Amino acid sequence: MQAVVYIGDRLKALRIEQALTQEELADKAGVAPNTVARLERNETEPHMSTARKLAFALGVHPRQLTKTEG
């Protein structure tokens, strides 16, 4: 059984740190704005390719999207 991975809280925190709107991040990452919104609300899991695009757009390693503060 595979673990469910939600990145919403971390994605939103990184986006806000960089003063980006959801639309700006989506544009930088080449994904739809509603994809960013749904991920931030933890309504869906990201495809690995989407996680990589978002991480690249934010200038972080993809694993940073799944790490929790601790």
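This is a predicted model: local features need pLDDT of at least 70, side-chain atom pairs count only at pLDDT 80 or more; totals for chains, interfaces and linings use all residues.
Residues are numbered from 1 along each chain as its sequence is written, and side-chain values use heavy atoms, with hydrogens and water left out.

The protein chain contains four helices and zero strands, where helices (H or I, at least four residues) and strands (E, at least two) are DSSP runs numbered from the N terminus. Along the sequence the pattern therefore reads α-α-α-α. The radius of gyration, taken over C-alpha atoms, is 11 Å, close to the 11 Å that the globule rule (2.2 Å times the number of residues to the power 0.38) gives for 70 residues, so the protein chain is as compact as a globular protein of that length. Along the principal axes, its C-alpha atoms fill a box of roughly 35 × 25 × 20 Å.

Of the 70 residues, 34% count as buried; buried means under 20% relative accessible area, exposed means over 50%, and partly exposed lies in between, with a 1.4 Å probe and protein chains only. The accessible surface of the protein chain comes to about 4800 Å², and 50% of this belongs to carbon and sulfur atoms, the areas coming from the Shrake-Rupley method with a 1.4 Å probe and, for residues, only the protein chains shown counting as cover. Among contacts (heavy atoms within 4.5 Å) between residues at least 6 apart in sequence, 57% join residues at least 24 apart.

Helix α1 (residues 8–17) and helix α3 (residues 33–40) pack at an angle of about 120°, with their axes 7 Å apart. Here the axes are lines fitted to C-alpha atoms, for helices over the stretch in contact, and angles run from 0 to 180 degrees between N-to-C directions. The two helices are therefore oblique to each other, since angles under 35 degrees count as roughly parallel, over 145 as roughly antiparallel, 65 to 115 as roughly perpendicular and the rest as oblique. On the α1 side the contact is made by G8, L11, K12 and R15, and on the α3 side by V36, L39 and E40. The buried residues of α1 are G8, R10, L11, L14 and R15, and these pack against α2 (22–29), α3 and α4.

Two loop residues deserve a look for their backbone angles. Most residues other than glycine have a negative phi. A19, in the loop between α1 and α2, has a positive phi near 55°, and at 64% relative accessibility A19 counts as exposed. N42, placed in the loop between α3 and α4, likewise has a positive phi of about 55° although it is not a glycine, but N42 is partly exposed, with a relative accessible area of 29%.

Helix α4 brings in two further residues. T50 lies in α4 and counts as buried at 13% relative accessibility; leaving aside residues up to four places away in sequence, T50 touches V31, T35 and L39. P62 is found in the segment after α4 (48–58) and is partly exposed, with a relative accessible area of 22%.
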